[in-house]
Amino acid sequence: MAENSSRDPAKTIDLVVESPSTLDETGAFQPTPASQPSPAVPPADAPTIPGYHITTLIAKGGMGRVYSAIHQSLSREVAIKTLLPGSNAKRFIVESKITARLPHPGIPPVHELGTLDDGSPFLAMKLVVGQTLAAMLKTRLSPRAEVSRFVQIFEQIAQAVGFAHSRGIIHRDLKPLNVMVGEFGEVQVMDWGLAKELNSHADEVAETRALADDTGSTKVGTIMGTPGYMAPEQARGEAVDARADVFALGSILAVILTGKPAFVGTTARETIDRSAQAEFGDLLSRLKTCGAEAELVAITKQCLAANAEDRPTDGWQVAALVAAYRHGVEERLKQAVLARATSETRAIEQAKRRRALQWAGGIIAAVLVVGIIGTSIGLVNARAARDDEVVARKAESEALVREKDRADGET
């Protein structure tokens, strides 16, 4: 990730559009505590949509609003996304149609694209109850907390983005604020308002018209994305492909590991300039001291390569790298558990052998003691028997002598 200061972004960028969205300037929405019961009476300014009963205003921004509603024919809760007057309807429709072409568990499904009475479009989609990844990262104690949990979430993000890439679609505004984590751990990549179909000329035309509607002029070299997460080529207003999303994924991983995205500046303009010139000094320092495993840091650096050619080609490859890393961690844990179990078993067996040897030694010692005692008793008995025999023989000899003397006297 060498620095590239030879490029002057001011010479190549004519217009900066930071994260335009069909909802608000952040390009994302986060439900308020939607797990609470929905009120029976809809908000006073809520639109009337045939087939839907709007219940709650979830979020609002400078360009649109998001409501929770009940799809009456199916009795299911959905999210209804609408635009405020004067907002860019063309981009909204492009976003809706692109999202509808991405049937993946990690991308909220679109149920319906319709038109309100005033002619503006509305979008009915899956209601995601949870919180943004940005909120989750903000509330952790430190960047070193729960790394494994957030890496698992990151892998699911990369899988969803990889699916979009396989369909020829790039997101162009990936960031923690555009990722929702549901109440049961489901991960959803949200807000495809800047998404682009790489092989679609119609999408380019719609985008050009959208910029013209929003700014009053159309110029070459437009920046679209969020400062801090944009790839250098994206920050320079150049054409981008799936590898720009890969860079954004790397920046999300940088937030997980260090608490900050790839580029940080005091202003949006400064942050964009640092990205355009690939100024990685601060990032490399943070990665060096973040305490994460070397494999994880290496994946982050791969995704954040200054040159697009040096990055993984798409989200699938990023997901595969993370999966391989997690598999390696699991294998190391298994080996550590196995080694500990083997060591404990060996210690138990050695203790058993020591106890067996101690018992055997005790038995042998007891046998020896019994043997010694038996031998001693035998020796004593033998000596006593010999003594008795000597006494008997002496008495017998004396009796013979007396008998002989008596016989001699009679003669």
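This passage describes the fold, the confidence and selected residues of a predicted model.

The protein chain holds 11 helices and 12 strands. Its length is 411 residues, and 43% of them count as buried. The accessible surface of the protein chain amounts to about 21,300 Å². Carbon and sulfur atoms supply 56% of that area. Contacts across the sequence were also counted. Among those with a separation of 6 or more, 65% join residues 24 or more positions apart.

The mean pLDDT is 82. A value of 70 or more is reached by 84% of the residues. Among the elements, helix 7 (residues 242-258) has the highest mean pLDDT, at 97. The lowest mean, 43, belongs to helix 1 (residues 9-12). Two stretches call for separate mention. Over residues 3-39, pLDDT stays under 50.

A nonpolar patch lies on the surface. Ile364, Leu368 and Ile372 form this patch. Together the three residues have about 310 Å² of accessible area. One of them, Ile372, is found in helix 11, which spans residues 315-410. Ile372 counts as exposed because its relative accessibility is 54%, and the cut-off for exposed is over 50%.

Lys288 is another exposed residue, with a relative accessible area of 76%. Lys288 belongs to helix 9 (residues 281-288). Thr258 is 30 residues away from Lys288 along the chain. The C-alpha atoms of Lys288 and Thr258 are separated by 9.6 Å.

Cys290 has a relative accessible area of 7%, so Cys290 is buried. Cys303 has 0% relative accessibility and therefore also counts as buried. Both values fall under 20%, the cut-off for buried. The count of disulfides comes to 0, with sulfur atoms within 2.5 Å required for a pair.

Conventions
Residues are numbered from 1 along each chain as its sequence is written. This is a predicted model: local features need pLDDT of at least 70, side-chain atom pairs count only at pLDDT 80 or more; totals for chains, interfaces and linings use all residues. Side-chain values use heavy atoms; hydrogens and water are left out. Patches are made of residues with over 30% relative accessible area and no salt bridge: like charges are joined within 9 Å, nonpolar side chains (Val, Leu, Ile, Met, Phe, Trp, Tyr) within 5 Å. Accessible areas come from the Shrake-Rupley method with a 1.4 Å probe; for residues, only the protein chains shown count as cover. A salt bridge is a side-chain nitrogen of Lys or Arg within 4 Å of a carboxyl oxygen of Asp or Glu. Helices (H or I, at least four residues) and strands (E, at least two) are DSSP runs, numbered from the N terminus. Buried means under 20% relative accessible area, exposed over 50%, partly exposed in between (1.4 Å probe, protein chains only). pLDDT is the predictor's confidence in each residue, from 0 to 100. Contact means heavy atoms within 4.5 Å.
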